[in-house]
Amino acid sequence: MRLLTLLLAAILSVGVLAPAQTKKASSKAKEAAAACAKEATAKEPLDINSASVDQLACLPGIGKAYSKKIADGRPYRAKNELAQKNILPEATYNRIKDVIIAKQPGKK
């Protein structure tokens, strides 16, 4: 009986028998994916000096770690500083360079 209790506790701890939590997680993932899709279809380039970490994470090849690194390195005078300052690898920068911009404060 004790073994069965331990096995059940182990299964519950990894979420195998928790469909409500799985549904919550999948709906959050769907919301995040929808937000990223909306960002990806935006007509204007994304400003790396003012975009949120979540917006930056939606860029191709940019996840949470790179988006935080980009945000921590602000402000940028030019978008190519992402590669010059080794914030991003050159290949990753090349994937996003056409969809980003580095606007200067006070300028439009």
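This is a predicted model: local features need pLDDT of at least 70, side-chain atom pairs count only at pLDDT 80 or more; totals for chains, interfaces and linings use all residues.
1. Asp-72 is exposed, because its relative accessibility is 55%.

2. The side chain of Asp-72 forms a salt bridge with that of Lys-68, with an N to O distance of 2.9 Å. Both residues belong to helix α4 (residues 64-72), where four residues, about one turn of the helix, separate them. Lys-68 is partly exposed, at a relative accessible area of 48%. Side chains of opposite charge can pair when their charged atoms come close.

3. The count of salt bridges comes to three. Glu-81 takes part in one with Arg-77, at 3.5 Å from N to O, and in one with Lys-85, at 3.3 Å from N to O.

4. Is Glu-81 buried or exposed? Its relative accessibility is 5%, so Glu-81 counts as buried. Arg-77, in turn, is exposed at 67%, and Lys-85 is partly exposed at 46%.

5. Asn-49 lies in the loop between β1 (46-47) and α3 (53-57). This residue counts as buried because its relative accessibility is 16%, and the limit for buried is under 20%.

6. Which backbone atom of Tyr-76 does the side chain of Asn-49 reach? The atom is the backbone nitrogen, at 2.7 Å. A polar atom of the Asn-49 side chain also lies 2.8 Å from the backbone oxygen of Lys-103. Beyond its neighbours within four places in sequence, Asn-49 has contacts that include Arg-74, Pro-75, Ala-102 and Gln-104.

Notes:
Residues are numbered from 1 along each chain as its sequence is written. Side-chain values use heavy atoms; hydrogens and water are left out. Helices (H or I, at least four residues) and strands (E, at least two) are DSSP runs, numbered from the N terminus. Buried means under 20% relative accessible area, exposed over 50%, partly exposed in between (1.4 Å probe, protein chains only). A polar contact is a pair of N or O atoms within 3.5 Å; within protein, one must be able to donate a hydrogen and the other to accept it, and residues adjacent in sequence count only if both atoms are side-chain atoms. Contact means heavy atoms within 4.5 Å. A salt bridge is a side-chain nitrogen of Lys or Arg within 4 Å of a carboxyl oxygen of Asp or Glu.
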